[in-house]
Amino acid sequence: MLLLLLGIIVLHVAVLVLLFVSTIVSQWIVGNGHATDLWQNCSTSSSGNIQHCFSSSANEWLQSVQATMILSVIFSVLSLFLFFCQLFTLTKGGRFYITGVFQILAGLCVMSAAAIYTVRHYEWHLNSDYSYGFAYILAWVAFPLAFLSGVVYVILRKRE
């Protein structure tokens, strides 16, 4: 049982790390010496040093992506906190419903953010030389892991 709890916590922390990295790192779109994330656009020199950074556009769709990514991080942090609270206060045989719901919400938020970004980024970068960066891919990887973690929490029963 202890090994199962450790595995669940490791999965949850991995999801949290993926969500933090994908929200913060400037690698959602890369190409031609530019790196773009949800917050700023940066141009880099050939040696890899950042030369100029300026704020991303104020498009409504980009603000919704920013908001849903932040919500996914908040829901996942709350879920981990609630898991530890429920671990010590839940009665024997009880299920971790609240923890699971918050983790599933985190997964749905990151999926919504990545889907909106996928559909709408062509309005932002019309050049076809750009490609998706690793932070964008990490966001898509975080979605099924967060959803799986949430389902595991819902199924999980507390034992002695």
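At what angle do helix 1 and helix 2 pack, and how far apart are their axes? In this predicted model, the angle between helix 1 and helix 2 is about 160°, and their axes lie 9 Å apart. Because angles over 145 degrees count as roughly antiparallel, helix 1 is roughly antiparallel to helix 2. The crossing of helix 1 past helix 2 is left-handed.

**Overall architecture**

The protein chain contains 4 helices and 5 strands. Along the sequence, these elements follow the pattern α-β-β-β-β-α-α-β-α. Of the 160 residues in the protein chain, 40% are buried.

Two packed helices are described by the angle between their axes and the distance between the axes. The table sets out these values for two pairs.

| Helix pair | Angle | Axis distance | Crossing |
|---|---|---|---|
| Helix 1 and helix 2 | about 160° | 9 Å | left-handed |
| Helix 1 and helix 4 | about 150° | 8 Å | left-handed |

The angle of about 150° between helix 1 and helix 4 makes helix 1 roughly antiparallel to helix 4. On the helix 1 side, this contact involves Ile8, Leu11, His12, Val15, Leu18, Leu19, Val21 and Ser22. The helix 4 side includes Phe134, Ala135, Leu138, Ala142, Leu145, Ser149, Val152 and Tyr153.

Where helix 1 meets helix 2, the residues of helix 1 include Leu5, Ile9, His12, Val15, Leu16 and Leu19. Their counterparts in helix 2 include Met69, Val73, Ser76, Leu80, Phe83 and Leu87.

Histidine 12 is located in helix 1. Its relative accessible area is 0%, so histidine 12 is buried. Leaving out residues up to four places away in sequence, histidine 12 touches Ser76, Ser79, Leu80, Gln103, Ser149 and Tyr153.

Leucine 5 also belongs to helix 1. With 15% relative accessibility, leucine 5 counts as buried, because the cut-off is under 20% relative accessible area. Beyond its neighbours within four places in sequence, leucine 5 is in contact with Phe83, Leu87 and Leu156. Leucine 5 and leucine 87 are 82 residues apart in sequence, while their C-alpha atoms are 9.9 Å apart in space.

**Aromatic pairs around phenylalanine 83**

The whole structure holds 11 aromatic pairs. In one of them, the ring centres of phenylalanine 83 and phenylalanine 96 are 5.3 Å apart and the planes lie at 45°, so the pair is tilted. This pair links distant parts of the chain: phenylalanine 83 is in helix 2 (residues 60-89), and phenylalanine 96, 13 residues away, is in the loop between helix 2 and helix 3 (97-124). Both phenylalanine 83 and phenylalanine 96 are buried.

Phenylalanine 83 also pairs with tyrosine 153. Their ring centres are 5.0 Å apart and their planes are at 45°, so this pair is tilted as well. Here helix 2 is linked to helix 4 (residues 134-155), across 70 residues of sequence. Phenylalanine 83 has a relative accessible area of 0% and is therefore buried; tyrosine 153, at 0% relative accessibility, also counts as buried.

Elsewhere, Trp28, Trp61, Tyr117, Tyr132 and Tyr136 form one aromatic cluster.

In soluble globular proteins, nonpolar side chains tend to be buried together. The largest nonpolar core here has 19 residues, of which Leu19, Trp28, Leu38, Val65, Met69 and Tyr117 touch the most other members. Helix 1 (2-24), helix 2, helix 3 and helix 4 each contribute at least two residues to this core. A second, separate core has 7 residues, including Ile8, Phe83, Leu87 and Leu156. Trp28 and Tyr117 belong to the aromatic cluster as well as to the largest core.

**Histidine 34**

Histidine 34 lies in strand 2 (residues 34-36). At 33% relative accessibility, histidine 34 counts as partly exposed. Its C-alpha atom is 9.5 Å from that of cysteine 53, a residue 19 positions away along the chain.

Conventions:
Residues are numbered from 1 along each chain as its sequence is written. This is a predicted model: local features need pLDDT of at least 70, side-chain atom pairs count only at pLDDT 80 or more; totals for chains, interfaces and linings use all residues. Side-chain values use heavy atoms; hydrogens and water are left out. Rings of Phe, Tyr and Trp (its six-membered ring) pair if their centres lie within 6.5 Å; planes under 30 degrees apart count as stacked, over 60 as edge-to-face and the rest as tilted. Buried means under 20% relative accessible area, exposed over 50%, partly exposed in between (1.4 Å probe, protein chains only). A nonpolar core is a set of buried Ala, Val, Leu, Ile, Met, Phe, Trp, Tyr and Cys residues joined through side-chain atoms within 4.5 Å. Axes are lines fitted to C-alpha atoms, for helices over the stretch in contact, and angles run from 0 to 180 degrees between N-to-C directions. Angles under 35 degrees count as roughly parallel, over 145 as roughly antiparallel, 65 to 115 as roughly perpendicular and the rest as oblique. A crossing is left-handed if the near helix is turned anticlockwise from the far one by less than a right angle, and right-handed if clockwise. Contact means heavy atoms within 4.5 Å.
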